[in-house]
Structures are given as structure tokens and as C-alpha cells.
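This briefing goes through one protein model by topic. Please keep the sequence and the 3D view at hand while reading.

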Amino acid sequence: MADTDTASDNIYDLFRSRFPADRSRPFVETDDGRVVTYGDLDTLVGRYARLLSDLGLKKGDRVAVQVEKSVENIVLYLATVRAGGVFLPLNPAYTKAEVEYFLTDAEPHVFVAKPETAEGLRETADKAKVAHLLTLGTKGDGTLPERAAGLDPDFATVLASADDLAAILYTSGTTGRSKGAMMSHRNLSSNALTLHQYWGFQPNDVLLHALPIFHTHGLFVATNCMLLNGTSMLFLSKFDADQVLKLMPRATVMMGVPTFYTRLLAHPGLTKEATAHMRLFISGSAPLLADTHKEFSARTGHAILERYGMTETGMLTSNPLNGDRIPGTVGFPLPEVSVRVVDPETGRELGTDEIGIIEVKGPNVFSGYWRMPEKTRQEIKPDGFFITGDVGKIDARGYVHIVGRAKDLIISGGFNVYPKEVETVIDGIDGVVESAVVGVPHPDFGEAVTAVVLRKPGVIAPDEAAVIAVCKQQLANFKVPKRVFFVDELPRNTMGKVQKNLLRDAHKDLFTGAKAP
Ligand code: AMP
């Protein structure tokens, strides 16, 4: 690969070329008031990269990281790619058994853990033949910063070709084993450059960053855009509506999962005045309810810009910066990204408004699943299109709509039911906040449509019979839920996605006679 190596394909060089000339400008301000300038960032990245290289990290070696959100965590990401390594962030909530799977699968050269969990993970790391176990806390503490302190920050960025790996992100693995999506320098840089331009980043933009950074949204979408913009982030360890509203007058852009927006709407401090300084609110990682979009618009005058992406592909579509941001849609394919909808049976490309599987191709699409060539071949077609597994359609104006996940498709009595269609009807009932529709085993129908509904507190809310009656008026009989359950909260993962597998599990014996939930 050496003959294709050029200095400029390492994404760190790209970021560095965009750092402000005045290196005393802030890169990050944390919730405890610490300011890290671009000068500090470059020095820290140089030192960490030097340490990794002194530890024997070679090009393509993995650096697995299971730590809490911190500036040093971002420094470690940048230092890893600068040193030619492959950054592998893990959700800090993963258990020891889960970490063991990731370490054994990825065989990292270095593993960085939280100071409080490192000892408990030492045996696991040894078993996976990790050469170095280091620690990193949230206050710049731990053996990693200690050992990097005082090292020479002048580090020559390792040459990388655009196809070299920069990161491996494990998918959330709701079905089967979690797979490592291999992201090249090109995958990351092409997507960041596209988003930076598409969302019209400005020289004075300040990003309110309340997302986790072990996931593509907080790490690549949010952080990479700001590194390209050379401006600063207000960096919160986690989302907190009070704190977000307090900082909003100093920010111009926020990226969030839908839950951020519903929590802000539940806060009396969300007003036109509170958001007057903001240029852009972006939402993604899970569907934003059309109602949330409308309520947010009415309260603040801002139309949330919804976009769609996934771990394996980075961002794929976005509502426009200038133009209609249509609630319930995820907008247009991004420049250089091709999106098509195909019939799952025949693979034929479908026409306007026809529902099928969304497939995507472009420089953003990952290089394959780590050590799973068979899975890679199943999911990236010979013509380069990746099968997203999302079910959707493209309307006459070119807006992409997501109807659900292929694995969530319900087949009841031989008929296909797209949960989103039923959820939209239920969500439209007065007194309903939102709903999740799943298929549960049924002796006659194969699967039975079952709805789980969250009602608004303090209003006259519909009961099961009322929900079924409304569905009967608006939907074909086979789509009408056989049963409706009410909950106080829908189960969600950290990225705000409803965990339908948990709902299916909770109700799996409902119709098979074993026992009621
Ligand atoms: P992840 O790999 O964790 O980022 O999850 C990717 C999946 O999240 C996609 O395949 C979609 O199913 C879902 N997703 C992401 N953004 C949106 C969105 N704006 N609307 C609906 N679903 C979304």
C-alpha cells in the first residue's frame, strides 16, 4: 500500500489544515468551565500520538477505548488516527462479558479503560492479548495522560491512504452478534466535508454537544464537522435540559437525538427568546415524531432539520438547510450519495412512493465488517450498494421517508404490515404521545399486530377499545392491532431508539397461550 500513501489522506491532516490560524481560539469548553484551545488540542494530540507510537502501535493496529465522555477521549481518537491506528470506541455501559467479545474480536494493541474498571478488566485484556492496558478518567486523570505528559508533541502524522482504516465502530447488534463496521479515512472525511458544506457551517458557529462520543453521531457527525469548521463546542458530559437551555444563548447549532427535543419541549424554559441565538437544530439517530417537529416549530420558530444515517454509512440523507424541512421525512440524498429503494424479493429498483428496502452507495459507505467477509458480501452488493435494512420510499419531490426496519416488518396472515403506518394512525389520536407497534407470535396469523402506547398525562386518554376503533376506521383490518397495551415509558437505548426487541419479548406469549404479559 506504500506507493499510494500520501500525507494528505490522513484525516488528521485535513482537520489540522482547518484549525484556526490563531491557535488560542477555543476548541472545547466543558461543563466545568475548562477551555481547551486549538493549540492545546494539537499539543495533546501530538503527545498522545507519540505515546501510542512509543508503545509500538503500528499502522492498522486497533486502540479500543471504553471510557466516559471527555476532551481527552477526543484527543485519543485524533491521536490514534494521526499515529496510523484504528480507533475503536465502546459504549461505557458495556459489561465485562461484552467487552471480552469486542477485545477478542478486534485484538487491539492498546485498550484504554476507566480508572475504576481497569483492574477488573485486566484478565479479559490479557486473554485477548492486548499489549497495553491504560486508563483515562474524566478529569484528565489516568495512566494515559500521565504517561503522555511531557512527551515531545512534535509528531509527524503517519502517512495514510484514503482506504486505510481510521476507525471500527461496532453496530448495536439488536439481532445477532455485534459487527465491527470498518471506516476508512475517506469514509470519514468525505462525510464530514459534505455535512460541513450542506449545513452551511459559519465562522462563528458554536456547537452545543450533549451527545455520547462512542457513536457515529457524537463522534463523527458532530465533532468532525466542528474540527473542519475550526470553531468551538460547548461540551456537556450528558444531556440535561436545564444546562442545555442555560448554554443555548452562547451556541448557534445543536445536534441531538429526538429525545433531546421531547425533553426540551417538556421544559418551560424552551421559548423563542431562549433559542433566539440559534441558527440550526439538527435531529437524527431515531425517527423524530412529526408532532415534535411541529410543536418545536410553534414554540421556538425553528424548524428542526432531520437527517438520516447509520454506523456503517455515516450520514445518507438530510432535509435542506434552505428549503422545506418536512416533518416525518429525512430529506434528500446528500451530494455524492446515491440512494435507491428496491423490492426485497426481486432486487428491482422501485418508483416514486413505492415502499421497499433502502440501499445506498457513496464514498461514505464503510469498507466492510471486521473479519466477517461473508456478512460483508451479503450486505454490500456487487454494484457497491449497501443494503441498509431500513424500509422506506422516495416521494415525488425526492424526499426520503423511513417506514421502519426490515426486521420490524410484521407479516400477519400473509400480509405485510409496516409498523410506522399503524403508529402514525395511533399517534394521531388525541391524548396519545407516541406508540410502538410490533409483531408477536400468533397461532393463526403467524404474527399479530400489537401496539404499545404512551398516553399524555392529565388528559382524557383513549383506552384499548378506542385505539382499536380509530385504527379500524383508517386501516385495513389486517393492520389493526389485535391488542393495545399502555406504558409510562417506551424502552429506548442511549441513542433514543425504541427497543422493539424488548417489546416483542415482553409480549411473546400473548397469543400462544403460554401466559399473558
Ligand atoms: P446506528 O447505526 O446506531 O446509527 O443506527 C442506524 C439506524 O437508525 C438506521 O438504520 C435507521 O433505522 C435509524 N435512524 C437513523 N436516523 C434516523 C431518522 N432520522 N429517522 C428514522 N430512523 C433513523
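Buried residues make up 56% of the 517 residues in this protein. The model is a predicted one. Its accessible surface comes to about 21100 Å², and carbon and sulfur atoms account for 52% of that area.

**Overall build**

- The protein has 15 helices and 24 strands.
- Its radius of gyration is 23 Å, close to the 24 Å that the globule rule gives for 517 residues, so the protein is as compact as a globular protein of that length.
- Of the contacts between residues at least 6 apart in sequence, 66% join residues that are at least 24 apart.

**Charge**

- The protein carries 56 positive and 63 negative side chains.
- The centres of these two sets lie 1 Å apart.

**Helix α11**

- Helix α11 spans residues 290-300, and its buried residues are T292, H293, F296 and T300.
- Just after α11 comes G301, which takes a positive phi of about 80°.

- T30 is part of strand β1, which covers residues 26-30.
- T30 has a relative accessibility of 13%, and because buried means under 20%, T30 counts as buried.
- Not counting residues up to four places away in sequence, T30 touches V71 and F235.
- T311 sits in the loop between β13 (305-310) and β14 (314-318).
- The relative accessibility of T311 is 12%, so T311 counts as buried.
- With neighbours within four places in sequence left aside, T311 is in contact with L169, A181, M183, H215 and T216.

- E107 is not a glycine, yet E107 has a positive phi of about 45°.
- The loop that holds E107 lies between α4 (96-106) and β5 (110-113).
- E107 is partly exposed, with a relative accessible area of 39%.
- D353 is another residue other than glycine with a positive phi, here near 65°.
- D353 is placed in the loop between β16 (338-342) and β17 (356-361).
- At 39% relative accessibility, D353 counts as partly exposed.

**Helix α15**

- A506 belongs to helix α15, which covers residues 500-506.
- The relative accessibility of A506 is 45%, so A506 counts as partly exposed.
- A506 and V440 are 66 residues apart along the chain, and their C-alpha atoms are separated by 9.4 Å.

Key
Residues are numbered from 1 along each chain as its sequence is written. This is a predicted model: local features need pLDDT of at least 70, side-chain atom pairs count only at pLDDT 80 or more; totals for chains, interfaces and linings use all residues. Side-chain values use heavy atoms; hydrogens and water are left out. Helices (H or I, at least four residues) and strands (E, at least two) are DSSP runs, numbered from the N terminus. The radius of gyration is taken over C-alpha atoms; the globule rule is 2.2 Å times the number of residues to the power 0.38. Buried means under 20% relative accessible area, exposed over 50%, partly exposed in between (1.4 Å probe, protein chains only). Contact means heavy atoms within 4.5 Å. Accessible areas come from the Shrake-Rupley method with a 1.4 Å probe; for residues, only the protein chains shown count as cover. Lys and Arg count as positive and Asp and Glu as negative; His and the chain ends are not counted. The place of a charge is taken as NZ of Lys, CZ of Arg, CG of Asp or CD of Glu.
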